[in-house]
Amino acid sequence: MTAAAAAAPLRRGGSRPLAGTGTLLRLALRRDRLLIPAWVLALGLAVASTGSAFETLYATAAERAGLAASMNANSSLRALYGPVFSDSVGGLVAWRMAGLGAVLAAVMSLLIVVRHTREEEETGRQELLSAAVVGRRAPLTAALLAALIADAGLAVLIAAGLAGSGRPAAGSLALGLAVGATGLLFAGLAAIAAQLTESARMAKGLTGAVLGLAFALRAAGDAADATATSLPTWLSPVGWAQNLRPYAGERWWVLLLFPAATALAVSAAYALTARRDLGMSFLPARPGPARAPASLSGPFGLAWRLQRATLFGWTAGFVFAGGIFGGIAKGAADMVGGNERTRAIFERMGGQQGLTDAFLATMTGLLGMVAAIYAAGSVLRLRGEETGNRAEPVLAGAVGRLRWAGSHLAIAYLGTAVIMTAGGLALAVGYGSTVHDVTGQLGPVLGAALAQVPAVWTLTGLAVLVFGLLPRAAGAVWALIGGVLAIGWIGPALKFPQWAMDLSPFSHLPKLPGPTATAAPFGWLLALSALLAAAGLTAFRRRDIG
């Protein structure tokens, strides 16, 4: 459905604030007819299938009790996954998936809301639709309703899937509601960000920063207290999702926090949208100088200007995360003691070396997988420039396609190395400070962080291939990145088959620091990255722009 086709019925909608909401909602659902089902099915089925995996891995009550005890005794693991409130199969599912599911639902919701609010204004489509009879609140309402439908579908799928596999109905419903309600809350926060910022990219980044802060608060609170009752945990919506305690004597009153916070966020978003003009924002960009600097005389300078704020933000985030993970690394060895089951989980995630090195390897791998999100976003900035009709004026001059694309790809590839260096340095300093050996840990830990770069570049090359060959399916890159994150985050704990683990380029890297590394896996990944990028650029050169 095109914007022009959608405008016809809107002319009959009247001048009420919500006029045209139904038509805009149908348009949003039609545009997201692949995106929303993909997110809901992938996440819902992943949560529902986790129970059977735990039944296979921990078949007896004694094994599950041992796992729960070892997890709760380890502050480092609590920071990553949260405490275990019940050693039943359902309780282990809630422990493993409540926080992760809440975070992924939040990402899904913020993408939906920003896509149908700020992105519509940025591309000019909303101005065309608003020329018809569309109420001032209709676009925001339609976007929030689309997010509500997605989150409700996710909650129902999780609850039905878990209950259908034999888990208690009350706990299944609680887990589904916890994940869905978290997603809906971040839909409201994304709606606020869409009013404050001038671009969809900034709105996503601002909401993502709030989500990162929520995860960090939850991690800090759970690391400090095994009962998840510390103040930082209660300041985080992700902590609320865990504290609903599915399958462990559900705390239904915790659910009240979600609609209260969501109502406040949505009310603030409506108040803001009523006080600004279409296309404007409350945090506008500062006017530039009267004369452009010499750095903007070429495509690389323009790409740097467009992407530098994002790179600075990611770098700061990696420094923060690396410092936190480094500070808790020493506890990985101190708290596990002789528990072989916990040691086995660490070794599957970080290698067979010493436990502390395995934990550091796990953290550098996690930083690498998150860095892939930055790299994919930098590559897809090309598609945003293309669909926003900003690429054509540049390419109409003396700038060739490959030169223009290469300028943005340079930021993607080099930026990955920058943020991994920053994260590795912070991780090394954080861990070295706790063991009073910063100098000795700097080289090995930084090397382990930089060892993740070839895997990130492989996914970057894959994003370039999709952009060049299948530009209309560029959004599928996020599904690919999400799949890699899922493999790395839950695959080792649930003992995914080797063929599934091998789908992630990170699985082919040596687990550093620790064992001796060979050049072969790095060389193969770099060659594959170059091949994918070359194929994508070749396809881009031959296709139409727009």
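**Entry 1: the whole protein**

I began with burial: of the 546 residues in the protein, 52% are buried. I am keeping in mind that this is a predicted model. Next I looked up the secondary structure and found 24 helices and zero strands. For the surface, I noted about 22400 Å² of accessible area, with 66% of it belonging to carbon and sulfur atoms. Then I turned to contacts between residues at least 6 apart in sequence, and 76% of these join residues at least 24 apart.

**Entry 2: helix α4**

I picked helix α4, which has 12 residues and runs over residues 61-72. From its first C-alpha to its last I get 16 Å, close to the 16 Å expected at 1.5 Å a residue. Which residues of α4 are buried? I listed R64, L67, A68, S70 and M71. They lie on the same side of α4, because they cover an arc of only 165° around the axis. I also checked the face turned away from that buried side, and there I found the exposed residues A61 and A62.

**Entry 3: a patch on the surface**

Back on the outside, I looked up a nonpolar patch formed by L425, V429, V438 and L442. Together these residues have about 260 Å² of accessible area. Two elements give two or more residues to the nonpolar patch: α19 (401-435) and α20 (438-450).

Definitions and conventions. Residues are numbered from 1 along each chain as its sequence is written. This is a predicted model: local features need pLDDT of at least 70, side-chain atom pairs count only at pLDDT 80 or more; totals for chains, interfaces and linings use all residues. Side-chain values use heavy atoms; hydrogens and water are left out. Patches are made of residues with over 30% relative accessible area and no salt bridge: like charges are joined within 9 Å, nonpolar side chains (Val, Leu, Ile, Met, Phe, Trp, Tyr) within 5 Å. Accessible areas come from the Shrake-Rupley method with a 1.4 Å probe; for residues, only the protein chains shown count as cover. A salt bridge is a side-chain nitrogen of Lys or Arg within 4 Å of a carboxyl oxygen of Asp or Glu. Helices (H or I, at least four residues) and strands (E, at least two) are DSSP runs, numbered from the N terminus. The expected span of a helix is 1.5 Å times one less than its number of residues. Buried means under 20% relative accessible area, exposed over 50%, partly exposed in between (1.4 Å probe, protein chains only). The arc is that of the directions from the helix axis to the C-beta atoms. Contact means heavy atoms within 4.5 Å.
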